[in-house]
Amino acid sequence: MQITETSGYSLKGSFTPDLVYSKLWMARELGQQMKQHGIKRFPVAYILGSWYSNASILLRKSGVPIDRIINVDVNDKWLSTGRKLTKLMNLGGIAHMNKDANRLDYRQLKRPGLVINTSCNDIEDRGWFDRIPRGTVVVLQGRNRVPVKAHSFESLEDLYQQYPLRKIWTRGNARLEDPETDYQRFLIIGLK
């Protein structure tokens, strides 16, 4: 699996304002949807393409009630840095799994289950999506205007067509700018 991120592969690149904003936006929308749909907490959440544990850190700091977060990434160095960050910040209930997201079996999911992929552009294949159990809450984020090697979504509809959910709870887009270009990030939350 190849990851292509326009902000760079460094820890600093993972915390550019556009990426932080997009994850805070995701956390806020997820929290609102939980309230709207009567979900008090998630026992377990998988975060795919977790990089340096950025999304788990921002979810914890945002107060989204998740008992256990499992950060999944193929790059063990990024996971190791994420472990150190979450430990330094005294954030509990966060595990790290060095695995290809396309091979996950989601055996640790409990109802209501949650799978988050803020890296839809970067995870090749769709095994990760096809393996998600029916009835799981899924959070998807993708963007347009990405480097040639990564998949680009040109619209919300394009993201939905690639990863269709049984029920959409919310969806939207935000105009952002990374170090190279302006772009749109798309967000869909719903039930598989």
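How many bridges join strand β4 to strand β5, and do they run parallel or antiparallel? In this predicted model, β4 (residues 114–117) and β5 (residues 137–143) run parallel, and four bridges join them. Take Ile-116: its bridge partner in β5 is Val-139.

Zooming out, that pair sits in an open sheet of seven strands, ordered β3-β2-β1-β4-β5-β7-β6, with mixed pairing. At the edges you'll find β3 (94–98) and β6 (167–177), each of which pairs on one side only. From one strand to the next, the twist averages 15°.

| Helix | Strands touched | Direction angle |
|---|---|---|
| α3 | β1 (42–48), β2 (66–73), β3 and β4 | about 165° with β2 |
| α4 (residues 76–88) | β2 and β3 | about 170° with β3 |

Now for the helix–helix side of things. Helix α3 (residues 54–62) also meets helix α2 (residues 17–36): their axes come within 9 Å and cross at roughly 50°. That angle is why α2 counts as oblique to α3. As for handedness, α2 passes α3 in a right-handed crossing.

Who does the touching? On the α2 side, the contact is made by Val-20, Lys-23, Leu-24, Met-26, Ala-27 and Leu-30. On the α3 side, Asn-54, Ala-55, Leu-58, Leu-59 and Ser-62 make the contact. Sort the residues of this α2–α3 contact by type and you get eight nonpolar, two polar and one charged.

Methods
Residues numbered from 1 in each chain as written. Predicted model: local features only at pLDDT ≥ 70, side-chain atom pairs only at ≥ 80, totals over all residues. Heavy atoms only, no water. Axes fitted to C-alpha atoms, helices over the stretch in contact; angles between N-to-C directions. Helix = DSSP H or I, 4+ residues; strand = E, 2+ residues; numbered from the N terminus. Parallel < 35°, antiparallel > 145°, perpendicular 65-115°, else oblique. Left-handed = near helix turned anticlockwise from the far one by under 90°. Contact = heavy atoms within 4.5 Å. Nonpolar A, V, L, I, M, F, W, Y, C, P; charged D, E, K, R; others polar. Pairing = 2+ DSSP bridges.
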